[in-house]
Amino acid sequence: MFKIFDFNFGKEPGGIELRPAMSGINRKEKKYAKKMRNQPSNVIFPSSDPGAGKSGIESIESQSDSDCRNQQNGSHGAYCHQSQGSDRKHLENVPRFLNAKDFAQYRAAEINAMLKAVTHKSNSQFLQSLPPHFRRRAMSKNVKRLPRRLREIANKEMEKIAHLKKEQSKSKSRKARRRHGNLLLEFNRRQRKNIWLETHIWHAKRYHMVKKWGYCLANKPTGKSYRACYRAMTQQCLLQDLSFYCCLELNGTQDNLLKVLAPLSSREAGTTFASVDCLSGKRQGSLVLYKAEQYPEKPLGPITFLWRPRAVSEIHAENRQLWIWAHPALKMDLLTELHLACQCSDDPIPEAAQIDCRTLTQRGTGLKRKLEDKVGEEVIAKKKIIGNSTRAESKPESWVSLTTGIVIIDLTMEILRYRLIGPLSHSAMLEVLQPATVMENCEVTGEVMGARGLPFWWSQYCKKPEDLALHNRQGNFLQLLSGLASPAEISAGSVLGLTVRDPRLNIPENRTRALPDASQLKDLEKVKELSLKGLPAECAQSQIWDQNVRNIVTETKISEQELNQMKSKLLVPGSPLNLGPQESKIPILLVQQPGKMSGKEHIGWGSGWDILFPKGWGMAFWISLIYRGVRVGGLQEGVKHSQYQGIPRFPDDFPDCPAGIRHIEETEKELIDKYKRYPPAKRPNYIHYGTMTPFRCPWQQLVEEWEGKSKAHGLSGKEPELKPEVQISTKNLVGVHERETCMQSPEEDKLSDPEEQMEEDSVVQPKIPNPKDILAESGHVSILRNRRLLKQLSAWCRPTSSRGQQTKQCSQSVQMTTDAVDSSISSYPRFLVWVRLLPLKKGCPIANATICIPSEEDLQLQASDPKNYAPQEPKHRDPFKHQIKILKGRKKRALPEDQKSSSGGQDAKSSANCPKNLTLGLWPDQPQDVISHCSRLTIGYVSQGDFSLNVGRGEALGFVSLLGLLHMLSNQPGDKRGLVLVRNPASLQYRLARINIEV
Amino acid sequence: MADRATVAPQLGSQPALEGAADMDPVEYTLRKRLPRKLPRRKNDVYVNMKTDFRAQLGRCQKMLESGGFREICIHGLGLAINRAINIALQLQAAGFGALQLAANTSTVELVDDLEPELEEGESATRTRNNSAIHIRVFLVLPQGEKAEAVNPCN
């Protein structure tokens, strides 16, 4: 037993000492971990940081050899006092006495461990055992360059490495991998999870691809073409591949179908499936579907639909076909709802159409049938996948309802859809789509089977004179269409069926822009008639509705290779190839897209045509369209297209649909993650800006708070002084609607009755408890789609300055409008209204910007200085900043303890120390009191906003709370009505904007 | 929409249609189509009510002075007729007698869509007429040579 004077626990015999500059906890940890990486377990380094000294030693001790620690603890009392250090705390840890034998033993063990670590580097290569000045170039490759004593070890090591490498390396060379068959296999493997469109490879070379909704989709071009795409939409032609939209086919008698689908939609929100124009197959209809009998509470999403027109021969046939086109995000919700509505069983029953197809193919040689079966089913087959690649074999594709006899067929990826936008789409279409040549000698060719053993459906079709006449008429109409200057010059949603030639046969040699040919002026009278009367219903007939024909057309497609071989054998190179009866005839449908229809400006902007054709023909049509000088857009261009049109886009702008809610959650998570990746100084502190939810719009809280506010105070202020016409028309509307509902079917009556009732009674007692109030209690936000009310609101939002005299004259009628306001308040308490905002002067609102009510001073000041006035929000205090600072400090101090308790639990640490997960700049918990958080009352949020190339300034689309809107309108003077303030999430500047409700 | 100037000038100019009384606003929604667009030459100017008057005047002046056109055609439809005349007269006044005007009037047929609000209704279209003016502004040659008497603006 002797005293050690010069012993410091921290100083090991190896002389290794850790004196880091402790600036951050993390750095310290890291450095420590680095030091300890290759050390044996009993080697320890004390922390010499005086602040964290004690805890540091303790924590290190925990990692040291337990025997050693016990020993030291046991001898703790024997340590002597020292007067060397002034730090008394430090000295307390120093043992007073030391057992020399034990001490020497442990040191010896440590020295051994150290020597072991130095001589046997566990993760080092043989080369590193040589000192640097002995190392030579290429020693790792050539063993003979090594000193002889090391060669044996090196040989072993190298073998080991070579062995490892062989296992890891790819078995095939790049050349082999790029061979056609292998490439196909690889492609097929890659599209098992996400469906590839037929144009995928083309897009993947030129576009940023994203995986969305189970598809691989082109997001935006890799080149710079944002403005060029806009110009194409406005002046030329933009092409989009919309094949990812899902098509569901419903088969059944018309009455049954209408009866089943009636509860899914409401007449209040516009025309439904039963609309006369759509029912004849002449027009494509669009509507928002709801869960059965749930209107206006639970929408599913927007769809477009198309009825198959009745053929001339079977004009009284009962069976009808209906296509419902829906966004893929909506498909599953829609399918389950349709199953419920049609009472379909989940297990598939082989229905007539598929059997027909099988029997048809069996007539062939049989080889084709095998191939056909492989398509889309056997992924391993070296066969190009056409259609839905992700569908499992066992998964049903069609469902039959036993009670109603309705058959639902999932036609996902069976029919492709390309969208052409812009005035030049007519000329591009006219050049690409050439009506199929009619077979002259039907009798002869009728017997001939195709090269692949399939009958030519076209020759059979040509046998009927009335079909032939129809085909000619359709061709004529296509010619006439090119006489129109823009697709907007024909009525909305017109449908034209066609049968066209193989588009690959008339591709020009060079890519040229298809321009309207002014020289061969069309018959102007006929063009005028076309634009006035639209396309007749029988011209919408097309064979694409027939599944058999679709299958034949897909299968009899001549492959690119064969076509090129035939082309190369032509006597005159470059001359058009004439295939005669071998040539494929493709049935297609053209559907007009109306473009911007609501509002006053830019009517018909973004109008165009959709081309629908059977699968397998995607690239053929794509390339021939590209060669007509159209520009191609991705998803981003689709967003801009709908934004400039002012229409809500699915799923972004449907916060009341299940798909929309999912989408909002996903985007919020993404944006928060992105925000957190920035250093705190390089990101906006949203709390300072008074923005509670910068990455989403709290619709739920907004409507609930407005409801509470209106209940507490009532929205009675100054009543809106309305134009007399509006009031009268409102009265008329109610009256006529009532008459209308009387004629409706009984279940429709039940739906709309309570509200009608209330509308009438509202004059006497405006606040009748409504069944919808009870429904609204469930805590769901809905969007107002009642066209009548929207029209009324739209009229209220307009300023009345020009008709100020009239409003004064009929002040008696003001009373009535109060009732109208009250009635809408009581019947639609938790509803949002889709609005379009145009800044008066400056400003470019972005997504999640706040829409606020201007205060009275704002309006006064704006009147005095209309050019420059824009109020500012005072900077908010950040109550969490201090907390975060404290937390940070505590964390720093608490770090070594944590190391002792849990090795690396960041989460555990934060959860133990503070209840909230604080992030600098973000509001930590669920927002409370969203409407009065800022100096102006919030009524809504912007859901998409940007600089609009169409208007030439900022433009925003968003939702406002119905109650908030009415509150604002009722308190604003007539000439200032509809003025709101918009503020971006990362800005204190309010901008004045005018609200527009476009119906 | 080939150009801002071709945006229909009649929009918003007429709050009510002729014969709107026979259309029930409950059964139908009225949607006005844009007027038919015709092939446009470089020296055609379509006047509208949205663009600033001075900007439109300046454009015409530039075309005549430095644009190298000996003549330009100013078109106005509906409410914009007044403005078209105004522009033409201002041009002439500023031209020190070098410019002459030749005005033609015409009627433009416009199409309205009637969109059914109810299931039973069938969509229909209606035509109505609106007046238009086409003013040819041309430089008079100093030799006294007369420009062609035929007005191409039709």
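Trainee: What joins the side chains of B:Asn48 and B:Thr51?

Mentor: In this predicted model, a polar contact of 3.0 Å joins them.

Trainee: What makes that pair a polar contact?

Mentor: The cut-off for such a pair of N or O atoms is within 3.5 Å. The value here is 3.0 Å, so the B:Asn48 and B:Thr51 pair meets that limit.

Trainee: Where is B:Asn48 found?

Mentor: Look in the loop between strand 2 (44-46) and helix 1 (53-65) of chain B.

Trainee: Why does B:Asn48 count as buried?

Mentor: Buried means under 20% relative accessible area. B:Asn48 has 3% relative accessibility, so B:Asn48 counts as buried.

Trainee: Turn to chain A. How do helix 30 and helix 36 of chain A pack?

Mentor: Helix 30 (residues 787-797) and helix 36 (residues 962-971) pack at an angle of about 35°. Their axes are 11 Å apart. The crossing is left-handed.

Trainee: Which residues meet there?

Mentor: From helix 30 come A:Leu793, A:Trp796 and A:Cys797. From helix 36 come A:Leu962, A:Leu965, A:Leu966 and A:Leu969.

Trainee: How many residues of that contact are nonpolar, polar and charged?

Mentor: Seven are nonpolar, with no polar and no charged residues.

Trainee: Which residues touch the most other members of the largest nonpolar core?

Mentor: A:Leu433, A:Ile588, A:Leu590 and A:Phe621, out of 51 residues. Helix 19 (residues 465-481) of chain A gives the largest share, six residues. Apart from this core lies another, of 46 residues, including A:Trp699 and A:Leu832.

Key. Residues are numbered from 1 along each chain as its sequence is written. Chains are lettered from A and ligands numbered from 1 in the order in which they are written. This is a predicted model: local features need pLDDT of at least 70, side-chain atom pairs count only at pLDDT 80 or more; totals for chains, interfaces and linings use all residues. Side-chain values use heavy atoms; hydrogens and water are left out. Axes are lines fitted to C-alpha atoms, for helices over the stretch in contact, and angles run from 0 to 180 degrees between N-to-C directions. Helices (H or I, at least four residues) and strands (E, at least two) are DSSP runs, numbered from the N terminus. A crossing is left-handed if the near helix is turned anticlockwise from the far one by less than a right angle, and right-handed if clockwise. Contact means heavy atoms within 4.5 Å. Ala, Val, Leu, Ile, Met, Phe, Trp, Tyr, Cys and Pro count as nonpolar, Asp, Glu, Lys and Arg as charged, and the others, Gly among them, as polar. Buried means under 20% relative accessible area, exposed over 50%, partly exposed in between (1.4 Å probe, protein chains only). A polar contact is a pair of N or O atoms within 3.5 Å; within protein, one must be able to donate a hydrogen and the other to accept it, and residues adjacent in sequence count only if both atoms are side-chain atoms. A nonpolar core is a set of buried Ala, Val, Leu, Ile, Met, Phe, Trp, Tyr and Cys residues joined through side-chain atoms within 4.5 Å.
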